[in-house]
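Welcome! The report after it is meant as a guided first visit.

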Amino acid sequence: MKKPLNMKGAGVLLLCAVVLAACNETTDIASTPAVTTTGTTTAAASGKAVTTDVIQKVEFAAEDAYTDWASANPTKISLTGTSATIEGEGAAAKDGKIAITKAGTYVVSGKLTDGQITVNVKDKGVVRLVLNGVEISNSTSSAIFVEEAGKAIISLQEGTENIVSDGTKYVYPDATTDEPNSAIFSKDDLTSNGAGKLVVKGNYNNGITSKDKLRITGGTLDIKAVDDGVMGRDLVAVQAGTLTIDAGGHGIKTSNDKEGEEGYISFAGGTFTIKSGEDALHSSGGLDVSGGDLHINAGDDGIHAEVSLAIAGGTIDITQSNEGIEAPAVLISGGKTNVVSTDDGVNISSGDAESAESGGAPGAATGAAGAGAGAGAGTGQAGAAPAGGPGGAPGASGANSSNMLTITGGFLSVDSKGDGLDSNGSITMSGGTVVVNGPIENNNGSLDYDGTFVMTGGFLVAAGSSGMVQATSDKSTQAGVLMTYTKTQQAGALVHLEDSAGNAIITFAPAKNYQSVFVSSPNLKQDASYTLSSGGSSTGTATKGLFEGGTYQGGTKVVDFKTATLITWLSETGVTEARSGMMGGPGGGRQGGGGGGMPPQGGGQRPQRAAQ
């Protein structure tokens, strides 16, 4: 299913495409002081080139990394319950508040009950707070409040646990004031580093908030918040550390939605365990993952970006979500990503009107298999039927060329109740491995796109229901096979495809009941003979149901066939020109055969996975 995003216009979408292309070039912020996505030219599905200047820069200064504080001549603050004793300059204690007014290093230890540490440095200097075993609580406001500073750095001393919490109700000086609103709140840049532990209890709203940029380069952070766990208005960037977040709202979020200045999330490392009531990761702009280990349980989207999303490395495991990954443009070039979703696994959407299904009237009287196939009859190619052909003509309104899913590498596994890969635009795949265990209901499909799906490389297998089945487009250069069964096949029953010499193309165990399987592989060739078998067993090693190596045996032959065309449509009786009695004219599109179902869209065929 398609869930529109609230976008501000086409300009943002153009930025999205460029960010994705650039992120594939520079993503390792951990090993470089700055990462910049430079001006890049990319071709949209419409064929129109789009060019823009620098989109995003992520910088880590030397001071963002943890350094020993002993030689920094620190001011020592010893918390004593309702006050503190201070050794050094730049800080004063009064009425339960410890006010820091001078740049420098401050080492804090002890317990402060119903008090607050404030930072207010008018000259915009850098203030470093070393938490050396503290417990700070405030019943009516933030426990740590950075009102003004060039940057605030919270360093977690190794071997210590530090606890910061706020109350359930804040007291503000007047009705127009609504800040601070987090257990730790900074109006300026904020960095967290070190090797100690920080426990944050955001009982009023958020756990940690920066109204500017938030960077994390180390430490163990355990955050529980009524609303968002971690929020940076302009940036949240993580190089290293261990974050455990339990949030009623978003897990990690950026909020700046001003066009051209949208917030950005960047992960180059770290370990994340996020449970959220809303999106686990939510960026008001772009988001990239080049490293790290993410474990996500989301009440809404697993990863959501309003502009762009790029995955170049790391491990992402989304065990629960509404939609697993959602953005107007997504680039997957590396890493290992697993998605479980109650709706779409990967959803490419900009929020424009493309969510409406387009095309001719469903179930036209000529929509029986093979009837009115037009010039494309017998080709098995997507979009072969002319306008008004079986099942209705592909519509242009849903093929938004700005929306794009691009897969060039990595491993992606999807287990979805809705569409597996759903693009309100187009899809391109040139590398990597994608495994889709799609829907069992016929109102969704394992592959769903409105424009084109151009497959030039990589390995794809998509199993699911047959009612909305699609294959890759006729613009693809890599062969594919779409098998549609007359009856539902049971979960776990192996699908085995081999060539005439007995070389395995694929051995796959779908995780759910299925009635169609699409396979596209570099090892699958046009004008070659193959055998499709079902059941049996394999001695190979399975990853998300996809077997590598080993020996296949004991299966039952379903059909022998020859791939006379680039995309082969198949049933138990052999090669078909339509959708095995389920679909309209040959090639791509939605269900339309037999005078019922959805109209074809975008002229796309649905690919079958090829062996590696």
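What follows is a tour from the whole chain down to single residues.

## The chain as a whole

Please keep in mind that this is a predicted model. The chain has 612 residues, and 58% of them count as buried. Among contacts between residues at least 6 apart in sequence, 60% join residues at least 24 apart. The accessible surface comes to about 21,100 Å², and carbon and sulfur atoms account for 48% of that area.

## The nonpolar cores

Which residues touch the most other members of the largest nonpolar core? They are Ile 252 and Leu 421, in a core of 113 residues. Strand E42, residues 453-464, supplies the largest share of this core, with seven residues. There is also a second, separate core of five residues, and Val 58, Leu 235, Ala 237 and Tyr 264 are among them.

Leaving aside neighbours within four places in sequence, Leu 421 is in contact with Val 346, Leu 405, Leu 412, Val 414, Ile 427, Val 434, Val 436, Ser 446, Leu 447 and Asp 448.

## A glutamate in a loop

Is Glu 323 buried or exposed? Glu 323 sits in the loop between strand E32 (315-320) and strand E33 (325-327). Its relative accessibility is 0%, and because buried means under 20%, Glu 323 counts as buried. The side chain of Glu 323 makes a polar contact of 3.2 Å with the side chain of Asn 347. Glu 323 and Gly 420 are 97 residues apart along the chain, and their C-alpha atoms are separated by 9.8 Å.

## Salt bridges

Side chains of opposite charge can pair when their charged atoms come close. This structure holds 15 salt bridges, and the table shows some of them.

| Salt bridge | N to O distance |
|---|---|
| Lys 151 and Asp 64 | 3.0 Å |
| Glu 148 and Lys 122 | 3.5 Å |
| Lys 253 and Asp 228 | 3.5 Å |

Start with the salt bridge between Lys 151 and Asp 64. This pair links distant parts of the chain, 87 residues apart: Lys 151 is in strand E13 (residues 151-156), while Asp 64 is in the loop between strand E4 (56-59) and strand E5 (75-81). Lys 151 is buried, with a relative accessible area of 7%, and Asp 64 is buried at 1% relative accessibility.

Next comes the salt bridge of Glu 148 with Lys 122. Glu 148 lies in strand E12 (residues 144-148) and Lys 122 in the loop between strand E10 (116-120) and strand E11 (126-138), so the pair ties together parts that are 26 residues apart in sequence. Lys 122 is exposed, with a relative accessible area of 62%.

Then turn to Lys 253 and Asp 228, whose side chains also meet in a salt bridge. Lys 253 lies in strand E24 (residues 252-254) and Asp 228 in the loop between strand E20 (220-225) and strand E21 (230-232), so this pair ties together parts 25 residues apart in sequence. Both Lys 253 and Asp 228 are buried. Salt bridges that share partners also join Lys 122, Lys 124, Glu 148 and Asp 188 into one network.

## Aromatic rings

The structure holds seven aromatic pairs. One of them is the pair of Tyr 170 and Tyr 204: the ring centres are 4.1 Å apart and the planes are at 15 degrees, so the pair is stacked. Tyr 170 lies in the loop between strand E14 (161-166) and strand E15 (182-186), and Tyr 204 in the loop between strand E17 (197-202) and strand E18 (206-210), so the pair ties together parts 34 residues apart in sequence. Tyr 170 counts as buried at 10% relative accessibility, whereas Tyr 204 is partly exposed at 31%. Together with Tyr 172, Tyr 170 and Tyr 204 form one aromatic cluster.

## Backbone details

Most residues other than glycine have a negative phi, and most peptide bonds are trans. Against that background, look at the cis peptide bond that joins Glu 179 and Pro 180, with omega about 0 degrees. Pro 180 is found in the loop between E14 and E15.

Asn 73 has a positive phi, near 50 degrees. Asn 73 lies in the loop between E4 and E5 and counts as exposed at 70% relative accessibility. Asp 114 likewise has a positive phi near 50 degrees. Asp 114 is in the loop between strand E9 (104-112) and E10, and counts as partly exposed at 44% relative accessibility.

Note on methods: Residues are numbered from 1 along each chain as its sequence is written. This is a predicted model: local features need pLDDT of at least 70, side-chain atom pairs count only at pLDDT 80 or more; totals for chains, interfaces and linings use all residues. Side-chain values use heavy atoms; hydrogens and water are left out. A nonpolar core is a set of buried Ala, Val, Leu, Ile, Met, Phe, Trp, Tyr and Cys residues joined through side-chain atoms within 4.5 Å. Buried means under 20% relative accessible area, exposed over 50%, partly exposed in between (1.4 Å probe, protein chains only). Helices (H or I, at least four residues) and strands (E, at least two) are DSSP runs, numbered from the N terminus. Contact means heavy atoms within 4.5 Å. Accessible areas come from the Shrake-Rupley method with a 1.4 Å probe; for residues, only the protein chains shown count as cover. A polar contact is a pair of N or O atoms within 3.5 Å; within protein, one must be able to donate a hydrogen and the other to accept it, and residues adjacent in sequence count only if both atoms are side-chain atoms. A salt bridge is a side-chain nitrogen of Lys or Arg within 4 Å of a carboxyl oxygen of Asp or Glu. Rings of Phe, Tyr and Trp (its six-membered ring) pair if their centres lie within 6.5 Å; planes under 30 degrees apart count as stacked, over 60 as edge-to-face and the rest as tilted.
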